[in-house]
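Subject: Handover of the two-chain model

Dear colleague,

I am passing this structure on to you, and my notes on it follow below. Please keep it open beside this email while you read.

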Amino acid sequence: MAVPITELKCGESGTLAGLDGDSAMVQRLLAMGFHPGQRVERRERAPFAGPVKVDGVSAVVGLREQDAAVLDVERHER
Amino acid sequence: MSADPSAAAAVAEGALRVVLIGQPNTGKTSLFNRLTGLRQRVGNYPGVTVERKEGIGRAGDVAFTLVDLPGTYSLNALSMDEHISVRALAGHPDIGPVPDVIVCVVDAAKLQRSLLPAFQAAALGRPMVLALNFFDEAEALGWRFDLPLLEERLGIPVVPTVGHRGEGIGALKEAVLRASRQRMALTAPEWPPAVQEAVRMLETRLDYIEDTDVRRFRAQRLLFDTAIRAEDDLAGSPTQRHEAVEAARSCVMRGGYAPATAEPVLLFPVIERMLAGALEKSGTASRRVTEGLDQVLLHPVAGLLVFALLMFGVFQAVYSWAGPLMEGIESLTAALQEAAGGVLEGMPVVQSLVVDGVIAGLGGVAVFLPQILILTLLVALLEDCGYLARAAFLVDKALGWCGLSGKSFVPLMSGYACAIPAIMATRTIEDPKARLTTILAAPLMSCSARLPVYVLMIGAFIEPRHGSTVAALVLLAMHLLGPVVALPLAWLFQKRILKAPAPPFVLELPPYRRPTLRDLSWRLWHRAHRFLTDAGTIILAMSVVIWALLYFPRPAQLEDTLRAAWSVPADMDPEEAEEAFQAHLDSAYLEQSYLGRAGRWMQPVFDPAGFDWKITVALLASFPAREVVISTLGIIYQLGGGEDEASEGLRRRLRQELWTEGPRAGHPVFTVPVAAAVMVFFAICMQCGATVAMITAEASWRWAWGAFAAMTALAWLGAVLTYQILGRVAG
């Protein structure tokens with residue numbers, strides 16, 4: 001079952017199942033190479049509930065929580 | 001499409017127009033610097049805070065104009081700067097003709113995604129070159145490129161480069177000429193029938209464009225760019241245009257694609273196919289250094305600690321290291337003034353113009369250079385090594401609520417030292433709206449030039465009466481006033497004035513890299529050059545105008561009248577007496593100068609803040625630089641212009657000053673509420689000609705004077721509220 005990447009813990013990875021909608025954020029993430037089927041990893045979170053670092057195949061980005069949530073992933077079993 | 005001979009002619013005349021496109025963080029700027037050297041013109045595109053960079057490059061005996069377009073993740077423009085790149089490619093009249101050659105810069109280690117803009121620009125049919133930048137990093141990851149195969153498939157020259165080390169520059173120049181001469185264009189991708197049909201529908205509305213390639217490019221942009229309204233380009237009435245775009249987009253949707261995302265969704269498989277077999281990723285990609293560093297530098301505790309230390313270091317450097325250099329420039333200015341004053345003795349008007357207008361103005365420009373150079377160097381170091389993005393990541397939460405991002409932190413913090421380098425440091429913010437907001441917010445931070453005013457007022461009125469603890473707290477409060485006023489204003493400004501939606505905030509965290517000396521020195525040179533030529537000239541001009549307003553009119557009989565009425569106290573030696581007379585005379589001249597008259601005339605405006613006409617004159621005279629208020633007060637109080645904030649004479653004089661007229665006659669002018677009102681006024685106002693000049697250079701004169709007016713009004717309001725409230729509480 002696909003969940004928003006924000007549900008993953010730091011260091012957990014998954015396969016990108018889809019991007020939610022066609023908002024500007026989704027357009028930007030597609031242009032940065034976040035496409036379904038790729039591996040993504042949730043990394044560190046900035047203090048005070050700040051942005052989340054997401055490690056993708058072709059980009060390492062910091063995303064605010066509500067923005068990161070457009071990335072739906074199938075969690076990889078550990 | 002133009003035929004070969006015209007392209008050849010363009011080459012021969014040296015009018016070959018080459019543009020650099022590419023995604024952000026692909027090292028485009030380093031390549032631009034290497035290709036053009038110091039032959040650059042940097043400015044802004046009309047009406048926006050988007051940097052326009054053009055330069056002249058030379059390949060063999062051929063000269064070409066090179067334009068560095070703003071970085072774009074996709075030509076599907078989501079922000080102002082991306083839209084400018086699109087318009088530049090399409091040959092918009094405000095920006096320039098359609099380029100002859102497009103150089104697409106890609107990050108070799110992120111090849112798939114950074115090829116997107118190249119494939120979007122393919123519709124233009126213009127000669128193109130692909131620069132595989134950071135080629136060394138891709139090789140270090142264990143990637144192997146089959147360059148001949150890649151060239152064959154794409155049909156354009158592919159050049160490996162390492163921009164910041166200058167590798168591959170010669171080959172890149174050669175490739176530009178080759179692509180231009182042989183008209184090597186990237187083959188435009190084949191769209192599914194629904195998209196082809198939609199593009200055709202829009203092309204018929206653009207048939208006034210003769211170049212069929214440009215027409216197709218524009219039609220595609222109209223179809224896919226759902227965030228930008230560019231329908232005005234179409235023929236027909238507004239309703240017809242809107243309907244045409246809507247009809248074309250429905251056609252795409254019937255084909256099963258969302259217009260906003262159809263391009264990347266359709267192009268990525270095309271790009272993957274192109275790369276299959278030409279790029280071999282052997283071994284596990286090792287980003288271990290970057291990941292390890294991030295575990296520490298993004299850590300909630302360790303990361304914040306490093307951040308705090310680094311920021312403290314940057315602030316100390318700008319605040320303290322620049323000090324001795326600035327003092328050096330000031331004493332040099334003083335020495336020049338003295339020398340020029342001696343030479344021009346006997347020509348009082350010229351002497352004063354040169355000494356107090358021109359040399360003082362030049363000194364006033366040069367004095368900013370140490371801070372600019374130090375801050376530019378440190379920010380460039382942090383940016384080039386990759387830390388600046390991490391710093392923005394850590395503090396994004398603190399600024400995100402008011403529409404800014406973590407990227408505004410360093411400029412705003414630098415504003416506490418000086419607004420001038422702070423405004424320059426906003427160049428690291430890509431989003432033009434966020435950049436403009438930060439430029440306008442930075443001058444509200446309490447810069448070091450405000451400190452003398454606080455020291456004078458606190459030292460004279462608050463410390464003696466309320467002790468040093470209260471004095472320290474008041475000083476702290478004055479420094480907190482900046483963000484307390486600026487951040488809600490930034491929020492309001494983003495929400496109410498700049499209504500266009502903010503582009504999505506994605507903070508790219510590039511791998512850590514070693515900065516190169518050459519890139520750093522280039523940046524220092526360009527910033528200093530830009531400051532001196534753009535802001536510097538405005539500062540100098542303002543300095544001369546203010547001088548004239550303080551000097552004229554200057555009736556010679558005033559001196560005679562005053563001397564006749566002047567009685568030398570018996571116990572004074574002649575030299576001292578002459579000095580006292582000169583101070584008296586200076587004060588009288590200032591009082592009847594144009595600016596002095598304006599101050600008297602404007603005093604009623606400042607009356608609700610408790611200011612008398614002398615404070616008002618000092619306030620007007622301090623327009624070029626707020627610290628001037630202290631020497632002006634010195635002149636008005638007949639102590640001479642050499643007074644500083646620690647001078648006991650000036651403090652005593654302030655305490656003795658009484659109202660001579662009006663309802664408060666006989667009462668002291670300076671009370672605690674008045675002193676506090678003066679501090680609040682200076683904390684909020686933009687009494688700084690250099691800042692006005694800087695905002696003019698970086699944004700526009702409209703923003704500069706608008707900000708000046710708004711901050712002055714706000715400062716007045718703050719001063720009136722302070723005086724009235726404290727007056728009630730204390731009285």
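Two strands are said to pair here if DSSP finds at least two bridges between them, and helices (H or I, at least four residues) and strands (E, at least two) are DSSP runs, numbered from the N terminus. Residues are numbered from 1 along each chain as its sequence is written, while chains are lettered from A and ligands numbered from 1 in the order in which they are written. Please bear in mind that this is a predicted model, in which local features need pLDDT of at least 70 and side-chain atom pairs count only at pLDDT 80 or more, whereas totals for chains, interfaces and linings use all residues.

As to confidence, the predictor gives the complex an ipTM of 0.95 and a pTM of 0.84. The mean pLDDT (the predictor's confidence in each residue, from 0 to 100) of chain B is 87, with 95% of its residues at 70 or more. Residues 1-13 of chain B, however, stay under 50.

Turning to the sheet in chain B, strand 1 (residues 16-22) and strand 4 (residues 62-68) of that chain run parallel and are paired over five bridges, with Leu16(B) finding its bridge partner in Phe64(B) of strand 4. Both belong to an open sheet of seven strands in the order 2-3-4-1-5-6-8, whose pairing is mixed. Strand 2 (40-44) and strand 8 (158-160) of chain B are the edges, and because each has a single partner strand, one side of each is left without a neighbour in the sheet. From one strand to the next the twist averages 25 degrees. Helix 8 (residues 169-182) of chain B packs on this sheet, and its direction makes about 160 degrees with that of strand 6 (128-133) of chain B; axes are lines fitted to C-alpha atoms, for helices over the stretch in contact, and angles run from 0 to 180 degrees between N-to-C directions.

Where the chains meet, 28 residues of chain A are in contact (C-beta atoms, placed from the backbone, within 7 Å) with 31 residues of chain B. Helix 1 of chain A supplies the largest share of the side of chain A that touches chain B, eight residues. By class, this side of chain A has 16 nonpolar, six polar and six charged residues, where Ala, Val, Leu, Ile, Met, Phe, Trp, Tyr, Cys and Pro count as nonpolar, Asp, Glu, Lys and Arg as charged, and the others, Gly among them, as polar.

Strand 5 of chain A and strand 10 (residues 506-508) of chain B run antiparallel and are joined by three bridges, Leu507(B) being the bridge partner of Gly62(A). The open sheet of seven strands to which they belong has the order 1(A)-6(A)-2(A)-3(A)-4(A)-5(A)-10(B), with antiparallel pairing. Its edge strands are strand 1 (2-4) of chain A and strand 10 of chain B, each of which pairs on one side only.

With kind regards

Note on methods
Contact = placed C-beta atoms within 7 Å.
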